[in-house]
Amino acid sequence: MNSNILTTDTIVAVATAPGTGAIAVIRLSGPEAITITNSVFRGKDLTKQASHTLHFGTIRDGEKIIDEVLVSLFVAPHSYTKENVVEISCHGSDFIVQQIMQLLLKKGARLANAGEFTKRAFLNGQFDLAQAEAVADLIASDSALSHEVAMKQMRGGFSQEIKRLRGELVHFASMIELELDFGEEDVEFADREQLRSLINNIQAIIRELLKSFELGNVIKNGVPTVIVGKPNAGKSTLLNKLLNEEKAIVSDVPGTTRDFIEDEINIGGITFRFIDTAGLRETTDKVEAIGVERTHQKLSQSALIIYLFDINETNPEEVQDEIAKLNPKNLPLLPVANKIDQATAEKLASFASLDCLVQISAAEGANLEDLKQALTDKVNLGKLNTQQQTIVTNLRHVDSLNKTYEALDDVLNGLSLGISNDLVAADIRRALYSLGQITGEITTDDLLDNIFTKFCIGK
């Protein structure tokens with residue numbers, strides 16, 4: 001990416017979340033960022049100050065003082081966007097923020113588009129496209145693992161892997177292109193066996209990256225976890241205990257939950273999106289029947305199922321039969337026996353052979369930590385080493401990796417069939433194009449707009 005792209009306009013946006021707070025931060029970037037700020041700032045002459053310095057003063061509209069502020073200076077190219085950047089920390093009043101924003105716009109700045117600061121950073125060569133996307137993931141991270149993965153990607157972990165693969169492939173592409181220049185002399189610069197070996201190696205790495213997306217998607221978006229069971233098994237009680245609030249109505253009357261209730265909780269660095277559903281049973285109540293139907297719909301969309309049952313009202317054979325009926329796709333499922341505080345020792349022992357069973361009392365809060373540990377084990381992140389393992393979390397990257405893999409398949413097939421060098425070279429170029437789209441070595445305006453408009457304004 002060209003690191004010398006020049007922008008002639010200066011953009012401004014509020015960089016902090018909307019709403020009243022102790023302070024707000026207004027960010028400017030562009031060639032006139034310092035000059036525009038200096039024209040409304042009363043204190044030191046900002047145009048004569050060094051980069052990475054802080055300055056206290058007032059923002060004024062003529063002689064009218066709007067606020068006392070702290071101004072941070074970042075002189076190009078030593079800034080997030082590689083342009084002149086100014087950050088004005090003012091009091092968090094919406095009125096004050098709007099007054100300062102209007103003043104800066106009047107002095108020549110324009111409102112930034114969504115993600116435009118990060119887009120400028122990318123266009124100016126601060127980082128590549130995959131790293132830029134990781135900025136948005138970092139802002140959205142709501143668990144220890146999602147933060148860790150986004151941080152690694154932002155610092156170039158995934159990009160380095162892609163650039164290494166692309167660099168090796170570029171070498172062979174250039175050798176084959178060279179052969180085309182000497183087409184009449186029947187020379188071979190690219191060893192075909194080495195090329196096959198390289199492609200097989202790249203495809204093996206791509207398979208691992210694609211496989212990692214299953215984990216990456218869980219880390220980034222959470223695990224949709226459906227709590228199912230018969231009426232009065234204690235599903236709503238369990239949800240309330242896990243969330244530490246009275247989210248669901250608890251009643252002794254069967255069929256109280258007629259629609260699904262959803263909320264999130266972080267367990268062991270993983271976000272679980274728990275869904276409490278209507279009890280599974282035959283019913284003549286039309287509203288309850290709709291709830292049961294929605295339960296089955298949520299089951300089909302889940303990544304993990306908690307099958308909760310009253311240990312006093314059933315036996316192991318019935319539980320196994322029910323599990324087989326509700327989980328035909330063989331999704332990860334955790335059987336959970338509830339109301340153990342009311343069960344006899346003999347009853348508890350009769351379920352000892354049930355695989356992966358967790359025994360709890362939702363009402364008493366007994367063994368909930370065991371349940372949480374079992375849930376994290378079921379998600380199968382125990383062996384995940386985010387410091388060493390490259391993890392794909394972005395669907396756009398998955399699409400590009402799949403296209404790369406298909407193009408490399410065509411290269412291998414072409415080599416086996418002995419097709420002409422120009423066709424082999426075309427397939428390699430297609431693979432390089434798809435890999436280049438991940439890091440932004442190959443871009444289009446539509447692609448960039450699609451990525452950066454999903455960012456928040458101010459970033």
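Student: Where is D137?
Tutor: D137 sits in helix 4 (residues 129-140); helices here are DSSP runs of H or I with at least four residues, strands are E runs of at least two, and both are numbered from the N terminus. This is a predicted model, where local features need pLDDT of at least 70, side-chain atom pairs count only at pLDDT 80 or more, and totals for chains, interfaces and linings use all residues. Residues are numbered from 1 along each chain as its sequence is written, and side-chain values use heavy atoms, with hydrogens and water left out.

Student: Is D137 buried or exposed?
Tutor: D137 counts as buried because its relative accessibility is 14%. Buried is under 20% relative accessible area, exposed over 50%, partly exposed in between (1.4 Å probe, protein chains only).

Student: What is D137 in contact with?
Tutor: Skipping neighbours within four places in sequence, D137 is in contact with A150, K220 and T393, where contact means heavy atoms within 4.5 Å.

Student: New topic: how do helix 3 and helix 15 cross?
Tutor: The axes of helix 3 (residues 116-123) and helix 15 (residues 445-452) come within 10 Å and cross at roughly 135°. Axes are lines fitted to C-alpha atoms, for helices over the stretch in contact, with angles from 0 to 180 degrees between N-to-C directions.

Student: Which residues make that contact?
Tutor: Helix 3 brings T118, K119, F122 and L123, while helix 15 brings L448, D449 and F452.
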